[in-house]
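Colleague: I'm new to this one. Can you walk me through it?
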Amino acid sequence: MLRWLTPVLVLASLLLACADEDLATPAPTEASTSSTAETPTSTATAATPIPTYEAFRAGLWLIDVETGDVHVLYESDTGYPILPLDGGWRGGSEIWVYFVDGDHSVRYALDGSQLEDVPGYQLQLSDCEVMDQEALRVRIGDREFRDVPCGVVAPDGRHMLYGHNIDGPEVPGGRYDAWILDITAGEQWPATDQLRHCGGCDSRAGPSWSPSGAFVTLGETYAGVDSTIYLVDVLSRRAEPLLDGQQANSSGNEPRWAPDRDLLLMPTQDGEAAILDAPTGVAQVLAGSTWPAWWSAGGAFVYWIDGGSTAVADAKSGIRVATWPGRPSTAFWQGRVSITDATGLDSEIAPAALLGSEAGMWIYDPAIDGGLFIEGGAGGTWSPDASRAAFAIREPTSEFDVQRWFIAVYSDHGRWQTVADDARSAFGPPEVWWNDAGTHLLVRWPGSDWP
């Protein structure tokens, strides 16, 4: 049975392949915090070299940004736990963690205490629950359906896109149909037929619903030169070819919906970025842009890489509003957004950015003049309200196999402070997630290799 691949499941499979089977799951303990003074200077200098650690270490911390308390959920010399892309937050008030050792999931409170320990992978990644795999019986909300596999449920909960493998004497191998299920009415209808898939590849983007649930994009996982992405209008039940090409649906290169409107950011034939208004079919080309391009966290801006810099344009007018030194993170399968919507000096919405370079990280805050460079900074992420940013600061070591990192928080328009230290990651900076309230951080290492 065909399954829509999501970046969450791909990440989980990669981590399972790398994890050690002899890991232990220690009980949460308290760790001391670093009380470095707030730094109003424009450049942060890395500290003196520290001794090299022989053992490879992995860890998971829960940090209360308000109090500075650091709760150690996990530490080990080998392997690491698995988390979904949003960090496992459930409404911002609790955290689920899946541990490879013993195949179990633990639910923690914000104070680091264990609330629940259950077998298996309990992190719910979809609104569709499989009741019987062989009989194709699933449950969505309070309704059950038969002969339907789980797929991708629309944001409004009214429809689900799913796929069925097809075969027959006149059907080439590796073909599947895409179907839409009307969850309320219980009706099903075909969106497209005889799509081609690659047989389990991990580098193709999955289907993506528009914010309203009225449209969905879906691309063939087949990676040939004529691979096609379709735009499906659910209300009219029409599917139209949108893009084609070998890289059209590769992960990180696929079209992207705005966070709050049915606007689709997509490439043109000339390699520029364009914004398609899906309800009207009208597209606006962003002059001078290059693909790939990305939405800011709130959708007011679009940004792209411009040589060694990052260009930012207003999404409504298409006019470029900034070009800053530094490059955005390209680890978008983690759900990272380098540019967010913030409030500027004139109280208008303006872009704020976290951009990487070989020597460190740039912070561009519209409430201050110029940029703030953090020497050794990397892996930044904005809080949901864009009032703070969390990032890691690396310290130089005498060996390259293990790297020590500080965890720091930027706030108060130009000031930052460290909130924890001694995270060790050989594969890039630790990964950091904010909860919805912007009060707590989840820090996991080793991280992915991104600026």
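Modeller: A word on terms before the details. Buried means under 20% relative accessible area, exposed over 50%, and partly exposed in between (1.4 Å probe, protein chains only). By that rule Cys150 counts as buried, because its relative accessibility is 19%.

Colleague: What kind of model is this?
Modeller: This is a predicted model, where local features need pLDDT of at least 70, side-chain atom pairs count only at pLDDT 80 or more, and totals for chains, interfaces and linings use all residues. Residues are numbered from 1 along each chain as its sequence is written, and side-chain values use heavy atoms, with hydrogens and water left out.

Colleague: How many disulfides does a search of the whole structure find?
Modeller: One. A disulfide is a pair of cysteine sulfur atoms within 2.5 Å. Here Cys128 is joined to Cys150, S to S 2.1 Å.

Colleague: Where do Cys128 and Cys150 sit?
Modeller: Cys128 is in strand S8 (residues 128-132). Cys150 is in the loop between strand S10 (143-146) and strand S11 (152-153). They are 22 residues apart, so the pair links distant parts of the chain. Strands (E, at least two residues) are DSSP runs, numbered from the N terminus.

Colleague: Is Cys128 buried or exposed?
Modeller: Buried, because its relative accessibility is 5%.

Colleague: New topic. How does S8 run against S9?
Modeller: Antiparallel, with four bridges joining S8 to S9 (residues 137-140). Two strands pair if DSSP finds at least two bridges between them. Asp132 has Arg137 as its bridge partner in S9.

Colleague: And which residue in S10 partners Arg137?
Modeller: Arg146. S9 and S10 form a hairpin with two residues between them.
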